[in-house]
Amino acid sequence: MRMYDIIVKKRNGHSLTTREIDYFIENYTCGNIPDYQASALLMAIYFQGMSDRELADFTIAMANSGEITNLSAIDGVKVDKHSTGGVGDKTTIALIPLVASLGIPIPKMSGRGLGHTGGTLDKLEAIPGFQIKLSSETFIKNVNEHRLAVIGQTAILAPADEKLYQLRDVTATVHSIPLIASSIMSKKIASGADRIVLDIKTGSGAFMNNLDDARSLAQAMVNIGKQVNKKTVGVISNMNQPLGYAIGNSLEVIEAIETLKGNGPEDVTELCLTLGSYMVVLANKAKDELEARKLLLKSLQSGKALDYFRQLIKIQGGDAHIIDDYRRLPQAKYTYKLLAKQSGFITAMNTEQIGVAAMKLGAGRETMDDVIDPSVGIVLHRKIGDYIDKTEPLLTIYANENTIDPIKDKLYDSITISRENDNDPQLKTLIYDIITS
């Protein structure tokens with residue numbers, strides 16, 4: 001078998017066999033295939049696409065390039081949730097204890113953030129003492145005994161994906177729906193969950209800016225799940241404005257806790273209930289989404305979900321008193337209120353640039369070597385469709401620097417205020433579509 005022949009075959013629009021795909025992934029991971037040939041194949045896939053069978057084979061081969069996590073020792077149907085990322089997305093922090101409170105095991109493997117704000121691990125590590133490095137034995141024990149645990153993804157999880165992503169990043173092949181779908185799903189499969197719920201973001205702050213592309217990505221990932229016998233649901237949600245009001249690690253932990261207390265922003269609560277409902281149904285704990293939602297609402301209203309989050313913090317070494325005293329979380333030295341320059345309605349937000357502003361404060365990373373400051377960030381006071389008077393603050397900036405004029409300018413440029421409330425209604429829609437098999 002020659003790599004040259006595989007490249008020609010895909011370049012000409014033909015489907016690769018399972019054996020050819022396995023040959024490529026195995027040998028490229030081991031260093032037997034040079035980058036220039038791998039790049040040629042990636043570009044051929046970019047233009048020619050993949051069939052459902054090819055995509056499933058490609059994803060399985062990447063998952064098998066490293067360790068497949070064995071969660072068979074955990075009782076019950078294990079359900080995982082993945083988000084394609086966005087600004088202010090603290091959903092996982094509230095969602096894990098909410099779903100686990102119904103007796104569903106949630107063995108959560110999460111990643112760190114690169115760009116914009118931090119990832120789930122960075123946000124949880126804003127809680128003093130919270131440990132995300134657990135042994136496999138402790139991880140499984142915690143899920144069996146407490147129904148939930150969170151750890152970081154290991155470097156040996158789908159190593160082919162990491163190597164190929166680095167190559168895609170420098171060969172203009174990142175924005176390929178088959179390659180994005182296989183990248184995400186290979187890690188989900190390797191993580192060992194039985195069922196998967198995906199939150200695919202679309203809008204000005206999402207990887208997929210276009211709704212049609214988001215639908216195509218969701219469908220591709222759901223199809224992969226079907227091919228590998230892992231029931232998968234894709235929820236397409238809005239990232240034309242930040243999720244909730246808080247952007248930044250400690251600030252987002254507070255907003256997640258407020259959500260569990262029943263006081264959270266409407267969009268955060270609704271997204272948790274939507275994603276959670278599908279997780280509950282996939283775990284066979286409810287016959288449909290309506291029944292699942294009622295169960296989740298009952299857990300929220302009774303305080304049971306909040307108790308599960310308190311329990312999660314304790315078993316992972318964190319200070320659970322932060323739930324009742326937010327001053328125990330890292331605090332920024334300075335706060336700046338950014339007043340509106342004119343009265344009117346907020347009609348649009350450049351969500352990506354708001355995320356970049358938070359990153360410049362220290363809430364995210366430009367490179368993996370950057371150190372996150374958990375105390376800094378932004379809290380919005382108005383969102384799309386809201387009226388604001390020019391004497392009122394648009395947002396509050398939390399910073400540890402006393403000079404942040406460039407960040408203020410970036411934030412002003414990121415928010416559009418108009419005299420007429422003529423924003424596109426689609427910009428405020430939270431859930432655009434649900435993709436199932």
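Trainee: Where is the place of Ala-172?

Mentor: This is a predicted model: local features need pLDDT of at least 70, side-chain atom pairs count only at pLDDT 80 or more, and totals for chains, interfaces and linings use all residues. Residues are numbered from 1 along each chain as its sequence is written, and side-chain values use heavy atoms, with hydrogens and water left out. Helices (H or I, at least four residues) and strands (E, at least two) are DSSP runs, numbered from the N terminus. Ala-172 sits in the loop between helix H8 (159-170) and helix H9 (177-190).

Trainee: Is Ala-172 buried or exposed?

Mentor: Buried means under 20% relative accessible area, exposed over 50%, partly exposed in between (1.4 Å probe, protein chains only). Ala-172 has a relative accessible area of 60%, so it is exposed.

Trainee: What is phi of Asn-229 near?

Mentor: Asn-229 lies in the loop between helix H10 (211-227) and strand E5 (232-238). Its phi is positive, in a residue other than glycine, and is near 65 degrees.

Trainee: Is Met-208 buried or exposed?

Mentor: Met-208 is in the loop between strand E4 (195-202) and H10. Its relative accessibility is 7%, so Met-208 counts as buried.

Trainee: Leaving aside neighbours within four places in sequence, which residues is Met-208 in contact with?

Mentor: Contact means heavy atoms within 4.5 Å. Beyond neighbours within four places in sequence, Met-208 is in contact with Ile-177, Ile-180, Lys-201, Thr-202, Gly-203, Asp-213, Ala-214 and Leu-217.
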